[in-house]
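Subject: Structure handover

Hello,

Here is the structure I said I would pass on. My notes on what was found in it follow below.

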Amino acid sequence: MTAPPPSLWLDGLDSPITPTRPLARDIDVDVAIVGAGFTGLWTAYYLKRARPDARITIVDKEFAGFGASGRNGGWASALLPTSIATLAKEHGRDSALAFDAAMRASVDELIAAADDVSADAHITKGGTVVVARTELQWERAQAEVSEADEFGLGDRVHLLDRDAAATRLNATGTLGGTYTPDCAVIQPARLVRALAAAVQDMGVDLYEGTPATAIGPHRVATPGGEITAAHVIRATEGYTAQLPGYKRAVAPVYSLMIATAPLSDPQWQEIGLAQRETFSDYRHLIVYGQRTADGRMIFGGRGAPYHFGSATRPEFDTHTKVFAKLQASIVEMFPTLAGTPITHRWGGALGIARDWHASVGLDADTGIGWAGGYVGDGVTTTNLAGRTLRDLILGEDTALTHLPWVGHRSRRWEVEPLRWLGANAGLVGLSVADAEERLTRRPSVIARALSPLVGGHL
Ligand SMILES: Cc1cc2nc3c(=O)[nH]c(=O)nc-3n(C[C@H](O)[C@H](O)[C@H](O)COP(=O)(O)OP(=O)(O)OC[C@H]3O[C@@H](n4cnc5c(N)ncnc54)[C@H](O)[C@@H]3O)c2cc1C
């Protein structure tokens, strides 16, 4: 087993992880799931609830929660990597709105399901505050609210003036911001491990330390035995490129995080986040944070390099320069954090499809299903994916199976070295775009040029 990454979340489990036995024989089941992150586990959970007699096996090359599901920023949000305007352009306004409504409902469904599996995952639904700290960021905040209004989603994003924004999050230079109620904070490792325990109690067989070496029609190959199944679900997200035949399907991009020691009450009074809101700002390079149940600030961001050939390795989970930048960034935003120790530094791979469009689907001929391409918005989306895969596997025609991400096929990533060049130009470009805006006080030309490359996510 690869050593678990030193995340705050794994450190906060009640007991150390003892992996189950690996698969050591050939088996035949109804559903074989590859990957025991949220995607694979929610799928097993909802399927087993609908069909208690279904024979379901999950294999994970490491352990349940090893991937992004056990080490993310803990935002259970209603966000999608594709904006509502882009979804409406591609799939029509009604479809886009249905998808948005399903995501909002999924936040509450996730909270209820976490309760059902008795996950003590420190969940609080406090919403999200995003602050604008330059005039250009303030324009972006206003544009976001106008776009929501155009889609009749005025209750979704509220514009905050300077005082209202600073009351929620007192970051330096705050000019205003936005607030959405549709987000809960979670302790992700506690949720994913509780879910893994619950599905096993429900009768799902979990084999940890069991890599799938190939996925094919109705079969999964592993070193210890072959699985034949009516349905095979690929739930490998950032690690998908390691599977034969999937090299260019999903690009792994690293996001890195830091956690402070618990802050004092006066520090929190100065910073805010009284409702444990998740937070960000309107810079181009994504950053995200939350106030943990034990009073720490955790803060993450992208900016670590993409690795040639879509490689994922444990040493990519850390990057000294990115950690230093994250620390400098929180001290710049919250001067009271100067001198506060950083106790944990970690990272992980998230998965990006070439068009930045998450998808879920099931191929009737091969029996192979999948879900992924969530970018940094997978915590809630995996729950929707699990329920959608349940319906697809059961052959049921439901509101979920008509959502516009079902059966969506993203084009493949470029062959190397173009993928490496493009992905890294995008990542470096976004931080340069923020610097450019600070200097010129005009919307970044670099950001506009990069927009097609990063799916318009600027
Ligand atoms: C640092 C970081 C912060 C993030 N923050 C947020 C956030 O705050 N909010 C949010 O919504 N999203 C966030 N995300 C994204 C979110 O965590 C993911 O989208 C989501 O957890 C994906 O779940 P998954 O089950 O599809 O994949 P994963 O959790 O990555 O699970 C995949 C599993 O597959 C296993 N596996 C891989 N290959 C094989 C194989 N060949 N055979 C068997 N098993 C295999 C792995 O061991 C792993 O356990 C973040 C991601 C990262 C990395």
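How many residues surround the ligand, and which are the closest? The shell has 39 residues, and the closest are Thr39, Asp60, Ser69, Ala212 and Val379; a residue is near a molecule if one of its heavy atoms lies within 4 Å of it.

Some ground rules come first. The model is predicted, so local features need pLDDT of at least 70 and side-chain atom pairs count only at pLDDT 80 or more, while totals for chains, interfaces and linings use all residues. Residues are numbered from 1 along each chain as its sequence is written, and side-chain values use heavy atoms, with hydrogens and water left out.

The chain as a whole

The chain has 12 helices and 18 strands. These are DSSP runs numbered from the N terminus, with helices being H or I of at least four residues and strands E of at least two. Of the 458 residues in the chain, 58% are buried. Buried means under 20% relative accessible area, exposed means over 50%, and partly exposed is in between, with a 1.4 Å probe and protein chains only. The accessible surface of the chain is about 18100 Å², and carbon and sulfur atoms hold 54% of it; such areas come from the Shrake-Rupley method with a 1.4 Å probe, and for residues only the protein chains shown count as cover. Among contacts between residues at least 6 apart in sequence, 77% join residues at least 24 apart, where contact means heavy atoms within 4.5 Å.

The ligand

By class, the shell around the ligand has 19 nonpolar, 15 polar and 5 charged residues. In this scheme Ala, Val, Leu, Ile, Met, Phe, Trp, Tyr, Cys and Pro are nonpolar, Asp, Glu, Lys and Arg are charged, and the others, Gly among them, are polar. At least two shell residues come from each of helix 2 (38–50), strand 12 (251–260), strand 16 (342–352) and helix 10 (378–393).

- A side-chain N or O atom of aspartate 60 is 2.6 Å from an oxygen atom of the ligand.
- A backbone N or O atom of tryptophan 75 is 2.9 Å from a nitrogen atom of the ligand.
- A polar backbone atom of glycine 378 is 3.0 Å from an oxygen atom of the ligand.

Taken alone, the ligand exposes 1000 Å², and the protein buries 98% of that.

Strands 12 and 16

Strand 12 and strand 16 pair in the antiparallel sense over 10 bridges; two strands pair if DSSP finds at least two bridges between them. In this pair, serine 255 stands opposite glycine 348 in strand 16. Strand 16 is mostly covered, with 9 of its 11 residues buried.

Strand 9 (residues 214–216) pairs with strand 10 in the antiparallel sense over 3 bridges. Glycine 216 has arginine 219 as its bridge partner in strand 10. The two strands form a hairpin with 2 residues between them, and histidine 218 in the turn has a positive phi of about 60°. Strand 10 is also joined to strand 11 (residues 225–234) by 4 bridges, again antiparallel, and this hairpin has 2 residues between its strands.

Threonine 222 lies in strand 10 (residues 219–222) and stands opposite glycine 225 in strand 11. A polar side-chain atom of threonine 222 is 2.7 Å from the backbone oxygen of glycine 225. Threonine 222 counts as buried because its relative accessibility is 9%. Leaving aside neighbours within four places in sequence, threonine 222 is in contact with Leu23, Thr210, Pro211, Ala212 and Thr213.

Loops

Most residues other than glycine have a negative phi. Serine 118 has a positive phi of about 55° and lies in the loop between helix 4 (93–116) and strand 4 (128–132). Arginine 276 has a positive phi of about 60° and is found in the loop between helix 8 (265–271) and strand 13 (278–281). Serine 118 counts as exposed because its relative accessibility is 62%, whereas arginine 276 is buried at 13%.

Regards

Technical notes: Polar contact = N/O pair within 3.5 Å; in protein donor to acceptor, adjacent residues only side chain to side chain.
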